[in-house]
Amino acid sequence: MPALRIFDDRQRELIFLRPPQRIVSLVPSDTLNVAALGALPRLVGRTRYCDAPESIPVVGGTKDVEVEAVARLSPDLILANQEENSRQHLESLAQLGLPVLVSFPKTVAEGLSHLARLAKVLDADVRELLRQGYAAVREAEEAARRNRALRAFVPIWMEPLMTVNAQTFVSDALRLGGAGNVFGDRQRLYPLAADQGQAVPRPVGTRDTRYPRVSMDEVRERAPEIVLLPDEPHPFSEADASIFRSALPSGVKIVRCGGRDFSWYGAQSASGVPRLRALIDSLR
């Protein structure tokens with residue numbers, strides 16, 4: 001094929017003279033995407049959190065990538081994510097002259113666009129999968145216009161209690177599922193005491209404000225109708241669910257659920273959005 005020029009989500013240009021044959025995925029979502037595109041035989045490295053055959057070498061986790069181990073695999077494509085991987089590791093890989101494609105989708109639709117871009121790079125046929133994904137988004141948008149959104153709280157960590165605002169993939173997936181994020185307008189403040197209303201906030205600078213740390217009192221004030229406790233990134237337990245049941249009014253429905261449909265972008269969304277809709281509809 002002729003030289004392919006693409007831009008990743010950091011607006012860095014990558015040039016491919018041929019479809020990559022040695023892929024290292026540093027993101028579980030992208031490992032699934034590679035498999036969905038029929039390119040799993042090209043995967044030569046992955047994180048310990050990825051669903052992949054045990055025969056594929058592990059190069060650390062998403063936050064503790066072993067740069068030298070990745071380099072030894074001589075990849076012609078490294079899949080990374082601005083949010084899930086550390087900047088230090090990605091810069092070290094780029095300095096070695098390795099091709100790093102950094103994604104950063106903040107909506108389900110952007111995740112599907114990334115899947116289409118990856119299919120182009122790999123010269124893979126993604127038409128049917130994209131058709132399913134965009135159909136799921138379209139149907140969810142239409143349902144959202146017909147139905148009242150349930151007020152929902154989705155924490156992502158327990159100690160300290162953390163959640164997401166509207167500028168996140170999790171919140172967009174929740175919206176498509178038929179619920180409204182009660183903390184959609186909440187910005188993260190610094191330091192922790194300020195985020196929990198116990199101190200004066202300091203200047204934020206360039207730090208990420210999309211993941212506020214909240215108190216249980218603030219959760220009560222936001223009056224959610226449902227609380228969804230995903231099993232990742234924090235594995236919320238039944239003991240955690242009991243804490244919420246004790247702290248919130250008895251009418252609030254508290255449900256533990258899978259986390260991948262909330263946070264894995266691309267191929268996961270084709271079936272994940274309908275699952276989220278079914279889950280939230282069951283709580284109406």
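The views below show a predicted model.

**View 1. Helices α1 and α4 in the predicted model.** Helix α1, which spans residues 28-36, packs with α4 at an angle of about 55°, and the two axes lie 11 Å apart. The two helices, α1 and α4, are therefore oblique to each other. The crossing in which α1 passes α4 is right-handed. On the α1 side the contact involves D30, N33 and V34, which meet H114, L115 and L118 of α4.

**View 2. Helices α4 and α5.** Helix α5, covering residues 127-146, packs with α4 at an angle of about 170°, with 10 Å between the two axes. Because angles over 145 degrees count as roughly antiparallel, α4 is described as roughly antiparallel to α5. From α4 the contact draws on V108, A109, L112, S113, L115 and A116, while α5 supplies L129, L130, G133, Y134 and V137. Among the residues of the contact of α4 with α5, nine are nonpolar and two are polar, and there are no charged ones.

**View 3. The largest nonpolar core and the surroundings of V121.** The largest nonpolar core of the model holds 49 residues, and those with the most contacts inside it are L77, V121, L122, L174, L228 and F262. Helix α4, running over residues 108-122, gives the most to this core, contributing seven residues. When its neighbours within four places in sequence are left aside, V121 is in contact with L4, I6, F16, P19, P20, L77 and L101. L77, one of these partners of V121, is itself listed among the core residues with the most contacts.

**View 4. Helices α6 and α11.** Helix α6, made of residues 169-177, packs with helix α11, made of residues 267-281, at an angle of about 60°, and the axes are 8 Å apart. The pair α6 and α11 is therefore oblique, and α6 passes α11 in a right-handed crossing. In this contact F169, A173, L174, L176 and G177 of α6 meet S269, V273, L276, R277 and I280 of α11. The residues of the contact of α6 with α11 divide into seven nonpolar, two polar and one charged. L174, which takes part in the contact from the α6 side, is also one of the residues with the most contacts inside the largest nonpolar core.

Notes. Residues numbered from 1 in each chain as written. Predicted model: local features only at pLDDT ≥ 70, side-chain atom pairs only at ≥ 80, totals over all residues. Heavy atoms only, no water. Core = buried A, V, L, I, M, F, W, Y, C linked by side-chain atoms within 4.5 Å. Buried < 20%, exposed > 50% of the residue type's maximum accessible area, 1.4 Å probe, protein only. Helix = DSSP H or I, 4+ residues; strand = E, 2+ residues; numbered from the N terminus. Contact = heavy atoms within 4.5 Å. Axes fitted to C-alpha atoms, helices over the stretch in contact; angles between N-to-C directions. Parallel < 35°, antiparallel > 145°, perpendicular 65-115°, else oblique. Left-handed = near helix turned anticlockwise from the far one by under 90°. Nonpolar A, V, L, I, M, F, W, Y, C, P; charged D, E, K, R; others polar.
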